[in-house]
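I opened my notebook to record what I looked up, one topic at a time. The sequence and structure come first.

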Amino acid sequence: MNNRVHIFDTTLRDGEQSPGVSLNLNEKLQIARQLARLGVDIIEAGFPLTSPGDFAAVQAVAKEIRGITVAGLARANVKDIDCAWEALKGAEQGRIHIFLATSDIHLKYKLRMNREQVIEAAVAAIKHAKKYTSDVEFSAEDASRSDLEYLCKVFGEVIKAGATVINIPDTVGYTTPEEYAKFIRAIIEKTPGMDTVTTSVHCHDDLGLAVANSLAAVGVGARQVEGAINGIGERAGNAALEEVIMGLHTRKDHYGLTTGINTQEIYRTSRLVSSLTGMPVQPNKSVVGKNAFAHESGIHQDGVLKERTTYEIMNPEQVGIIANNLVLGKHSGRHAFKERLSELGYSLNEEELNLAFSRFKVLADKKKEIADQDLQAIVEDEIKHIPDTYVLEYLHISTGTSVVPTATLGLRVGEELKEEAACGDGPVDAIYKTVDKITGFSCTLVNYALNAITGGKDALGDVTVKLQCEGNEKTYTGRGLSTDILEASAKAYVNAVNKLIYDQK
Ligand code: KIV
Ligand code: ZN
């Protein structure tokens, strides 16, 4: 049996179904480009029929990304499939991904169809999709709670109709590794034609078993794993792809399988997804959490110093975590800055480099030593921007234990400087009320998170906010960086408002 596992990334589709996550076109493209650098085999860029935004994202990713399959999701009907293909047709390799539920519970309560009708609809859908592309995936939604004999019958029929990938989702995160492995093995053995297609798995994490279930399935013959970066997705999320990948990589002795992934891009991908979705990564998260490679106990530290492998099964460099090297300072020139960025894996165009270098100079005036992590934060912040309608020009805060916090600030819109002042419950509240006064939006702060990029009192503060603004049901995430956390808070809020404006345009 072939030993190459295909990695199917659904961060932009199932991942974007995470509550409160909404990415704009520009952000989706940035993630797709990074997924391409990571080396995934398939990017599921969206569900085109569901919204013009999803359609545009699939279309843009399909048009730009080369050398990787781009998939679009569709229900088993002509309208969905036509729409998916319309979005995908610019792709070098486009895949139509059709799903239809097969469990009795879904048939009875959701679809109100009988088993024969589901087979008929699935077969018709595959045949229709095949008119557009040879690469058609069929997902039996809620497969893990479906009757095995019936499921094999459905799969046999869709394979006859031309499906090339058969996906067996654990849609509700119900199965266990032993049970799922047995189920997948039985499907592979019993379904006619299953040896001619790729067996795929797609697991949700409701019981915290998505990665374990995916790996168990791979152990019995599945050769495509679907999941999302950082495990984001519907409800408790999807299988965390970085964990699946490092599981296969680190335990190659056990699985004997390979992927096409460049593991050194894992950390960068995780950070990008976290910062654009506004979903923080928990510190103790496997592979990409802040503590994943931190040794706290004296015995462990001693062991690692003597021989790394005593307590480390992977090393941070393998996943692209860079050491907190103190590399540059106030007197470092443009050349050294550019060199260090390229060593860190960034290749910026002239304009991006100029912007990032002036940010670096401002930071170097405030912070004596600049670490690699500061550089990484500056670059990510600088090159991710959508057009900025509002730019923070200045900020003045009056606050203390016995005064009413008051903010005065100026935002530049093109040539014009708009100024306002407002009081609030605290300095951040005062800033946000002032921004609302200037922009005319009335926004609720759904989430606010502050992180320090490095240690030290002069560390860069990294603020992420999530806003919901009146008259718009979507939430917008914004990020701001500064050694002054009130300035970072203001920038994050303005960044979110700029995204709202960009979206409205
Ligand atoms: O969880 C699920 O069943 C899905 C399908 C659409 C593949 O996301
Ligand atoms: Zn799913």
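For this entry, contact means heavy atoms within 4.5 Å. I also note that the model is predicted.

**Entry 1**

I started with Val5. Val5 sits in the segment before β1. I asked which residues Val5 touches, not counting residues up to four places away in sequence. The list is Asp41, Val218, Arg223, Val225, Leu248, Leu257, Thr258 and Thr259. Is Val5 buried or exposed? Val5 is buried, because its relative accessible area is 0% and buried means under 20%. I then checked a distance. Val5 and Gly156 are 151 residues apart along the chain, and 22 Å separates their C-alpha atoms.

**Entry 2: the zinc ion**

Next I looked up ligand 2, a zinc ion. Which protein atoms are its donors? They are OD of Asp14, NE2 of His202 and NE2 of His204. These donors lie 2.0 to 2.1 Å from the zinc ion. Along the chain, their spacing reads D-x187-H-x1-H. Asp14 is in the loop between β1 (6-9) and α1 (25-38), and His202 is in strand β7 (residues 198-203), so this pair ties together parts that are 188 residues apart in sequence. I looked at burial too. Both Asp14 and His202 are buried.

**Entry 3: the nonpolar cores**

I turned to the nonpolar cores. How many residues does the largest one have? The largest nonpolar core has 95 residues. Those with the most contacts inside it are Ile43, Ile98, Phe138, Phe155, Ile166 and Ile168. Helix α6 (residues 148-161) gives the largest share of this core, eight residues. There is also a second, separate core of 27 residues. Ala430, Leu486, Ala490 and Ile501 are included in that second core.

Leaving out residues up to four places away in sequence, Ile168 touches several residues, among them Phe155, Tyr180, Met194 and Val201. His202, listed above as a donor of the zinc ion, is also touched by Ile168.

**Entry 4: two helices**

Last, I checked a helix pair. Two packed helices are described by the angle and the distance between their axes. Helix α2 covers residues 52-64 and helix α3 covers residues 78-88. Their axes come within 7 Å and cross at roughly 40°. That makes α2 oblique to α3. Which residues meet? From α2 come Phe55, Val58, Gln59 and Ala62, and from α3 come Cys83, Glu86, Ala87 and Leu88. I sorted the residues of this contact into six nonpolar, one polar and one charged.

Technical notes. Residues are numbered from 1 along each chain as its sequence is written. Chains are lettered from A and ligands numbered from 1 in the order in which they are written. This is a predicted model: local features need pLDDT of at least 70, side-chain atom pairs count only at pLDDT 80 or more; totals for chains, interfaces and linings use all residues. Side-chain values use heavy atoms; hydrogens and water are left out. Axes are lines fitted to C-alpha atoms, for helices over the stretch in contact, and angles run from 0 to 180 degrees between N-to-C directions. Helices (H or I, at least four residues) and strands (E, at least two) are DSSP runs, numbered from the N terminus. Angles under 35 degrees count as roughly parallel, over 145 as roughly antiparallel, 65 to 115 as roughly perpendicular and the rest as oblique. Ala, Val, Leu, Ile, Met, Phe, Trp, Tyr, Cys and Pro count as nonpolar, Asp, Glu, Lys and Arg as charged, and the others, Gly among them, as polar. Donors are N, O and S atoms within 2.8 Å of the metal (3.2 Å for Na, K and Ca); water is not among the atoms, so sites may look incomplete. Buried means under 20% relative accessible area, exposed over 50%, partly exposed in between (1.4 Å probe, protein chains only). A nonpolar core is a set of buried Ala, Val, Leu, Ile, Met, Phe, Trp, Tyr and Cys residues joined through side-chain atoms within 4.5 Å.
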